[in-house]
Amino acid sequence: MADNGATLIDTRRQRTAPATGEPLLSVRDLKVGFSTRRGTVEAIRGISFDIAAGEALGVVGESGSGKSVTAYAITGLLDRAGRIDGGQIVYRGGNLVGAPRSTFKRLRGGAISMIFQNPRAALNPIRKVGDQLADVLAAHEGLGRRAALAKAVQLLDQVRINDPAKRMAAYPHELSGGMCQRVMIALALACHPDLLIADEPTTGLDVTTQKTVMDLVATLTRERGMSMMLITHDLGLAAAYCDRIAVMERGLLVEAAPAGALFARPEHPYTRRLVAATPRRTSTLSDLMAVAPEALDVAPAEAAGHHAPATASPATPLLELRGLFKRFGDMNAVDDVSFSLKPGQALGLVGESGSGKTTISRMVCRLLDTTGGEILFDGEDIASVPADLFHKHPLRRDIQIVFQDPTDSLNPRFTAFDSIVDPLRRLTAQKSGVALRRRAEELADRVGLPHDLLDRFPHQLSGGQKARVGIARAIAVEPRLLILDEPTAALDVSVQAVVLGLLDRLRRETGLTYLFVSHDLNVVRMLCETVVVLRRGQVVEAGDSATVFERPAHPYTAELIAAIPHFEPDAA
Amino acid sequence: MSTATLKHVGWVLRGNLVTAAAAAAALILVIIAIIGPAIAPHDPLASNVAIALTPPSADNWFGTDRLGRDIFSRVLVATRLDLGIAIAAVALSFAIGTAIGGAAGYLGGRFDKITGRMVDVVMAFPLFVLAMALVAALGNRVENVVYATAIINLPFYIRFARAEVNVRRELGWVEAARASGNGKMAVLFRFLLPNVMPAMMVQISLNLGWSILNAAGLSFIGLGVQPPTPEWGIMVAEGARFITTGYWWTVAFPGLALVATVLCFNLLGDGLRDMLDPRMRT
Amino acid sequence: MRTIAYRSARRLIAALPVLLGVLVFTFVLMRMLPGDPAVFFASGPSSGEAEIEAMRVKLGLDRSVPEQLLLYLGDVVTGDFGTSMTTGRPVLDDLSERLPASLELTILALILALGTALPLGILAALMPGSMVDHAVRIVCTAGVAMPTFVSGLLLIFVFYYLLGWSPDPTGRIDVFLIAPPEVTGFLLIDSLIAGDGEVFMAALGQLLLPAITMALFVLAPLARMTRASMLAALGGDFVRTARALGLPAWKVVNVYALRNAILPVLTTTGIMFSTMLGANVLVEKVFSWPGVGSYTLDALLASDYAPVQGFVLLMAGIFVIVNLLVDLAYGIADPRVAIE
Amino acid sequence: QSREETLRVVTGGQVNSLDAGMQGITRDGFGLNWNIYDRLVSWDRKKFGDGYIYDFDKMKGELAESFTISDDGLTVTFNLRKDATFHDGSPITAEDVKWSLDRAVSLKGPGAQMGTGSLKSPDQFKIVDDHTIQVTLDKPDRLAVPNLAVVFPVILNSDLAKEHATAEDPWATEWLKENQASGGAYKVSSFKAGQQVVLDRFDDWKSGPLPYFKRIIVQTVPEASTRASLIERGDADLSIDLQSSDVLALKGRDAVKVVSIPQINAFQMIAFNTRMAPFDDPRVRQAVAYALPFDDMFTAALYRRGAPLWGAKWENGLPDTGKFPQRLPFSTNLDKAKALLAEAGHPGGFKTSFSFNVGSAATSEPIAALLKESLAKIGIDVTVEKVPDAQMGTLISEKKLPFFTESAIAWLPSADYFFRVFFQGETRWNYGSFVDEELAELTAKARYERDPAAYETAARRMVAIAAEKAPVVMLWQPALDAVMAKDIDGFTYWFHRQTDYRSLTRTK
Ligand SMILES: Nc1ncnc2c1ncn2[C@@H]1O[C@H](COP(=O)(O)OP(=O)(O)OP(=O)(O)O)[C@@H](O)[C@H]1O
Ligand SMILES: Nc1ncnc2c1ncn2[C@@H]1O[C@H](COP(=O)(O)OP(=O)(O)OP(=O)(O)O)[C@@H](O)[C@H]1O
Ligand SMILES: [Mg+2]
Ligand SMILES: [Mg+2]
């Protein structure tokens, strides 16, 4: 890997100070609306900000706050339904609102460029990357095909793609995600724009790849003295790469301040919440939840003695994996993994994407057959029961799972109530409507879900609410082991904080045992006593989570930790 | 259907007038199919050779056919049979095709392979000829038109259901259902298939129109519904041969009914497809 | 290149079971036909039991069905598709003589359909929800809402009977013209080879109405497919990228959106082609077109087994080949597929 | 040759063979044979309206200049034309005639037909000299000579045919399917089975006056309405199988000439399965006959284009003539029908199904619809079944249909022939599956009856039985509507219902 830490540069604070005088881009009281079947949606309700030449502005905010729409409005890429309802976008003194198409044609790619999330989809799948670069060069510099192709090779070289001449002929699917994003950067920078708008450029990339890509962007923009607008929902990322951060909430820009100041003295309550909810190197769960608004908006049900914290003696593990194997084709997705988990404990399973975390959790949950090895649950080898038959097994109700994507994990045609009581109907004798209802309400209380939401369908619930339904469903049959497969990966930081808090409380109340899967070591550190680090299906390191985090024994673990963008106020 | 869903459908239809019109027309068709025989001004079977082939008049709005039967009444009454054929055929292929395709998509493995092969075989047939052969072989009766139409539609449903189920089989909520103690069949029939349904609706409404055309084509070559039962396809097939003789009303009105119905189902299916397209949903 | 040949060969071999399935199914289906071909063909004015029995022996119908099937399979392997009772000629001769007529018609119809459907679909996709979109949709759908025999007869009525613009609908070429020497069997091509413009125009004239009839039938699915995939492509991330980078509009539409959108259309076209070959039975009947479809229809109604079996096998073979060609084309157009 | 000397014919049928002896040859195939081959003898024709009709009572020589029948009726001697040649120029000799007649009686299908004229074995044909041939019979069969004028006993170029004969196929049937060995008035210049046939005149033809048209193009156009348009627009010259509605319309627009001739040897009927209850009771059959709405059917199915076969008034239960088909004494009388039904023990009626074949839907469908409606009035509940043609044949042969409509023609329209073919035996053509001893005796005897008066008496009795027992109810004789360009003349109606191009001319 040529794009790894070797080129790491500490980009923070090395930027040239924002030039005084005329800003490069100045947005004044911008309003954007969308006409939809439900009437007009006011996506941006009057925001103002400036970007000075050479400055990097981070735009953060929860999903739907209007970050992308702002970017599209600037570049004139709003879709058919969108309309700028007011305000000005001044670029180098000229107002872009209402400017003719030809203005944008010149501007886009030439003066203002964008890069997007999911780089592979953002590239034309059936056109060679060299041709795509040449297209852009031809459009703006009027280069002939030959000259354009020659220049394209140089560009690929500049974004540190090995053997650029050969890669010219590659199609996007032949490149890794990180490489695609670099091609994307090359495309964006091909014609020397002044401003680069990066809309969540690293979502979908691995933490380590994220770091190399962001470092590259930072270096290139700095070298060229370009301005950048970095859109992200990750405060840490924004803080790491930007001079100033603007916080958006529901179409409004609530606060903009230099990164350090924002973290040290967040002024707006929303910013405060956001800052608090962002995990840092040292934060604890209670830190995150301190300001979480709806943290535990429903009084916790008293910890009825569902399960005694440990049925077996604390010495015997509840779950033990012995030499677990899983092959897909000729690839070992899980390669000789062993670890054990005591009752009442929480074990974190971390590793980069594709390291086998989900595969392990699905096997433990008996949704996937193993290729080899044993899974001992309470001393019984459940791996010997085929996954297809496990639904009849008495241990079925003892092992439950919460999935990564809350949207994805709820049947769109079931109400929250249906989803929650489905395991009850299947795995317990409870069939009667009244009893089920009562139980569902009890569970809703437990996870902090207002009762009136029980009759809603998933599309009528927010991400955090869906996550709660998923958790309620999993704990409905009072399992002894709860597997959590990245339960917060798809959630905003503030919601993540709430869910993590909920999980922590549940464990304390019921003595549940957790197998917690995450790629975020930081989160694992807060929630789990022990951690197992996976890489390509193998355990590289295991141990007490605090220790592993503070003093990683394996370089891979260290790399994982280093790649997490942090903002440390004390370092300011 | 909850009121919220109804409301949603209402919104969507308002945004798409063509689909709304098609939906309204489909509703009218169904109503006619139900009350048609009751409101027909004449007995659709009663002949009166004395007034054979009279052009449209106050008494016979659509004129009369060569036996002096009232075309208006026949067109009205035929609605039930034509929709019946189409709906029965589509329902059959839908029910069987979805179950088989869903099972193939969810279970995979050998079952999937075998059904895949069988689907390939049926698809490789020239389908209209297959329908003809089936009706000829099974006997020239309405039921057999239904079966034949169902069989030639079957592969599309199987493929469709298979694909739709396949993309969902590893989704979180399917896994969750398994973790909740649902067996394979329960997952397939309680979770997966109901979710495939909306997308299937598109196929269904397009297919309804197509089935009517198929029945008409069979009528044209003399297979299918038995006389003197009024049926659009037969009326059109017979009337079409009168085009040059000047008895235009014998073909024009049943033809319009047929075309309008097929058009209505096609537009409806088309509209549904747009509605289900996430891009069009806001 | 070698891999393409290799993959094609593998595909064709993999298709053999399908063809066998088609063959056996047709064979059994034909024996289920209630009509007894021996009775039908031994229908001379004074034919009795004895004549019918003789006919039955002649047709091999006195043997058991499995025995007949084995014999037939053996014959097919050696390229003998049996003899048509209706024409009295070997089925293979009949089919090979008539197939070019059907293919020529189908291909022209497909060209017409694509030539109309692609622009209309693209237009509709560029302005979704607009009047243009609705108009395109209604026009296309109306075409497919009519049974082909009705649209065919209507076209004849208007363009031949009333207006006299079209030549008489009696086959592939004016009877008073001399057909060009047969090279490909496609009159349009053969007449060009022979350099005979008059015959070319005459043949084209004859082709036009039936081709339009068939094109109408597939216009809607093709246009809708084009629209849908074009919409998907236009909404795709890479099109947004192209626009964000300031590529000219024509390039965005043609090079970025259209080329991606055309891929699913290609698949649909392949399916349409086979459907059309099968569905042109009625069109051929209406236009007195000497193709394989009308031939089969007659045979089927006469319980004449061999031609129907031969036709179905031929169509299944074409289906397999067309699918292969479509996949090959797809593989060339889409590098992601070729990699598998 | 010019367009003027070319006749363009359109037909819904198709020619599938050049050899009439082929099993399964189509009616259009017979028509083609008629024009490309000669027979020894033929019938004369008489004027009928704008056209002609063949005269069954008057035979004349064709390839034979003349023929004589011995007094005992057992020997027929044919004197051949001396100057006649085949298309390849070789002279036509008694040898060729003998081989051709041998072939006709030896092949399965044709053999059965020839048998109806007591022509059964090659031994019966004797070469007297190069231009004389003698046919001997064991009984004086009245249909012997007429059988030599049907389409089967065509005179083939035996030398040419024998070249293509093989051990398994001594009569060269395979080769003759697609090739001709003939000396007829026309020769085939191009033949595409099921599509089109082009005929060119044989200028050295001697068996009759040289035909007017130098070239005949026969094209298959399956859609009847398209055929009508072609004639109306003047693109085609002749069609004989248009729908009645189109004929009427064309006639109304006065765009064409329509020669309409009743098909004297054909009839449409409603048949009962007399071996199946309840139709095994003649009273039930008669009841149905009296319940039929004859007139409405005639109007709706044929637009009254034909000759009715119902409504006769028989004074003493016997017809005035022995001709058949003729009108039978049935007419619509629901009271009588009800009475008969009650008498037969079905006062409340019964359920049955009525079938017709898809190919004849244009006429049969109205018949079925009206019949169903009318029989409902006497309590008979009829389900209509439309059956594909191939299946209909099988069902009729196997005598599985209770009740159906069919049309039939007899090539040789003499009464005993009709009754022999259509009212007895186990063949498909015995539509009523009828068995009647008296009728069997009568026909067996009448066949060899040489006394016209005695024949007439027997024939009348046969007709009377048909009315009494009513195994089938005769509906009508449809007219053959030949629609042609106004300048075409000389159309002749033949027993095979196909066009004789030899007699057609174009007037200027
Ligand atoms: N095409 C559209 N039609 C209607 N509403 C839209 C459209 N695009 C965006 N919106 C609305 O505008 C608001 C802002 O959306 P935007 O995409 O800018 O959010 P975001 O901050 O980028 O969120 P995320 O972090 O999820 O990308 C949302 O409420 C969204 O529903
Ligand atoms: N059904 C399958 N068939 C083939 N390969 C699979 C399958 N499921 C997973 N894999 C492969 O197994 C490896 C491990 O996948 P897994 O989903 O367990 O990773 P993960 O650690 O959960 O990653 P992520 O963080 O992206 O969710 C990956 O390389 C993946 O491509
Ligand atoms: Mg966004
Ligand atoms: Mg995972």
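What do β17(A), helix α17 (residues 493–510) of chain A and β18(A) make? In this predicted model, local features need pLDDT of at least 70 and side-chain atom pairs count only at pLDDT 80 or more, whereas totals for chains, interfaces and linings use all residues. Residues are numbered from 1 along each chain as its sequence is written, chains are lettered from A and ligands numbered from 1 in the order in which they are written, and side-chain values use heavy atoms, with hydrogens and water left out.

The three elements make a right-handed β-α-β unit; right-handed means that, with the strands pointing away from the viewer, the path from the first strand over the helix to the second runs clockwise. Helices (H or I, at least four residues) and strands (E, at least two) are DSSP runs, numbered from the N terminus. Strand β17(A), residues 481–485, has 5 of its 5 residues buried, that is, under 20% relative accessible area with a 1.4 Å probe and protein chains only. From this strand A:L481, A:I483 and A:D485 point one way, while A:L482 and A:L484 point the other way.

Strands pair if DSSP finds at least two bridges between them. β17(A) pairs in the parallel sense with β16 (residues 399–402) of chain A over 4 bridges, with A:L482 as the bridge partner of A:Q400. On β18 (residues 513–518) of chain A, which runs parallel to β17(A) and is joined to it by 5 bridges, A:F516 is the bridge partner of A:L484.

Elsewhere, B:L192 is in contact (heavy atoms within 4.5 Å) with residues including B:Y106, B:V165 and B:W173, its neighbours within four places in sequence being left aside.

Conventions: Buried < 20%, exposed > 50% of the residue type's maximum accessible area, 1.4 Å probe, protein only.
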